[in-house]
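Here's a quick briefing to read alongside the structure. Have the sequence handy as you go through the points below.

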Amino acid sequence: MSLPAIDTEYLIGFLTELLNTPSPTGYTQQAIQLAERHLAQYPALELLRTRKGALVARWPGRSASATRALTAHVDTLGAMVKEIKSNGRLKLTKIGGFAWNTVEGESCTVFTRQGSAVRGSLLLCQASAHVHSSEVGDLKREDSNMEVRLDIRSKSSDETRSHGIEVGDFVAFDPRVELNNGFIRSRHLDDKACVACLVAAVKSLQEAGLAPVQDTYLHISNYEEVGHGAAAGIPPEVTELVSVDMAAVGEGQSSDEFHATLCVKDSGGPYHHELSQRLRELGDEFEIAYKVDIYPFYGSDGEAFWRAGGDVAVALIGPGVDASHNYERTHTEALLATTQWILAYLLRD
Ligand SMILES: [Zn+2]
């Protein structure tokens, strides 16, 4: 048996569209809708939304003896307006785990309650080298030293409020997607890359006229970055869950941007050994470019389901992403390897 063909152009096209759809955790409706529109092309899939806002697709297989699920998340790092400062600029609170220096100087959008989008950029409060000299390099990048300079005329909190901006508005940082020589450079490849791999796998199997070996649920999570995404929304008949999320690339890591990785242990401890072994066997059998790795500071939605009491086998696979939770980058080869692995898993007992 060989794996069905993957439409690489579609995968990258959908990924780019998804990356350009802002979706900080808590503000993911548009990204969920986009995934839903793409999956709705396949009548075999039954789509539903959980009350929490995740997208779940039920995909009937040839057997219902051991129902499976795969999850990937559309929510990303981002921020929320914490305070409107007396100088008219905004103090933010982070959504998800990242360091301020990774978004310093980045353009951003503030989404107001009335539905308008106000542009600006995240800067150090003492940003000008000609005014603050060495402070620009020395100041600690912490909440109190960072502010959003909005592209509106405002010198007071009232003037800023007159543009509809309020405490609690969501803020998204620009992804800055760029494609070069097979590389995809963008913020939020975590985990939109894997959502794209899942959707591309569906397209591949559907166009080949194939069905998964077991009834399978695809869970598109919307609260992963804050730790409880897949805690809900995995149906009770599911026996095993494969979390599809980025692999951590860096010094001491075996993962890279050209391979998919099986993560056998992260901050939440070891994953399910037998399921991980099966994925390795599939990787070998189908000659998938994969690595095995351990991520030192990492948690997944699979573990979120375990912590919520999910009695299933959990494993974690995904493409290597360089500079994660920063200005990220991966390569098409890693996305294809991940999609092949998903296909192998869907098709094999
Ligand atoms: Zn992730």
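**His-38 and its neighbours**

Leaving aside residues up to four places away in sequence, His-38 touches Tyr-10, Phe-14, Glu-17 and Val-199. Bear in mind that this is a predicted model.

- His-38 sits in helix H2, which covers residues 29–39.
- With a relative accessibility of 12%, His-38 falls under the 20% cut-off, so this histidine counts as buried.

**Lys-85, a lysine in a loop**

- You'll find Lys-85 in the loop that runs between strand E4 (78–84) and strand E5 (90–95).
- Is Lys-85 buried or exposed? Its relative accessible area is 17%, so Lys-85 is buried.
- Who does Lys-85 touch? Not counting residues up to four places away in sequence, the contacts of Lys-85 are Leu-90, Lys-91, Cys-125, Glu-147, Ser-156 and Ser-157.
- Lys-85 and Val-148 are 63 residues apart along the chain, and 9.9 Å separates their C-alpha atoms.

**Strand E13 and its partners**

- Strand E13 takes in residues 238–244, and six of its seven residues are buried, so the strand is largely enclosed by the rest of the structure.
- One partner of E13 is strand E3 (residues 63–73): the two pair in the parallel sense, over five bridges.
- Within that pairing, Leu-70 has Val-242 of E13 as its bridge partner.
- E13 also pairs with strand E18 (residues 313–321), again in the parallel sense and over five bridges.
- Here Leu-241 is bridged to Val-314 in E18.

**Helices H7 and H9**

- Helix H7 spans residues 273–285 and helix H9 spans residues 332–347; their axes come within 10 Å and cross at roughly 110°.
- An angle of 65 to 115 degrees counts as roughly perpendicular, and H7 and H9 are therefore roughly perpendicular to each other.
- The crossing of H7 past H9 is right-handed.
- Which residues make the contact? On the H7 side they are Leu-275, Arg-278, Leu-279, Arg-280, Leu-282 and Gly-283, while H9 brings in Trp-341, Ala-344 and Tyr-345.
- Sorted by class, the contact of H7 with H9 has six nonpolar residues, one polar and two charged.

Notes
Residues are numbered from 1 along each chain as its sequence is written. This is a predicted model: local features need pLDDT of at least 70, side-chain atom pairs count only at pLDDT 80 or more; totals for chains, interfaces and linings use all residues. Side-chain values use heavy atoms; hydrogens and water are left out. Axes are lines fitted to C-alpha atoms, for helices over the stretch in contact, and angles run from 0 to 180 degrees between N-to-C directions. Helices (H or I, at least four residues) and strands (E, at least two) are DSSP runs, numbered from the N terminus. Angles under 35 degrees count as roughly parallel, over 145 as roughly antiparallel, 65 to 115 as roughly perpendicular and the rest as oblique. A crossing is left-handed if the near helix is turned anticlockwise from the far one by less than a right angle, and right-handed if clockwise. Contact means heavy atoms within 4.5 Å. Ala, Val, Leu, Ile, Met, Phe, Trp, Tyr, Cys and Pro count as nonpolar, Asp, Glu, Lys and Arg as charged, and the others, Gly among them, as polar. Buried means under 20% relative accessible area, exposed over 50%, partly exposed in between (1.4 Å probe, protein chains only). Two strands pair if DSSP finds at least two bridges between them.
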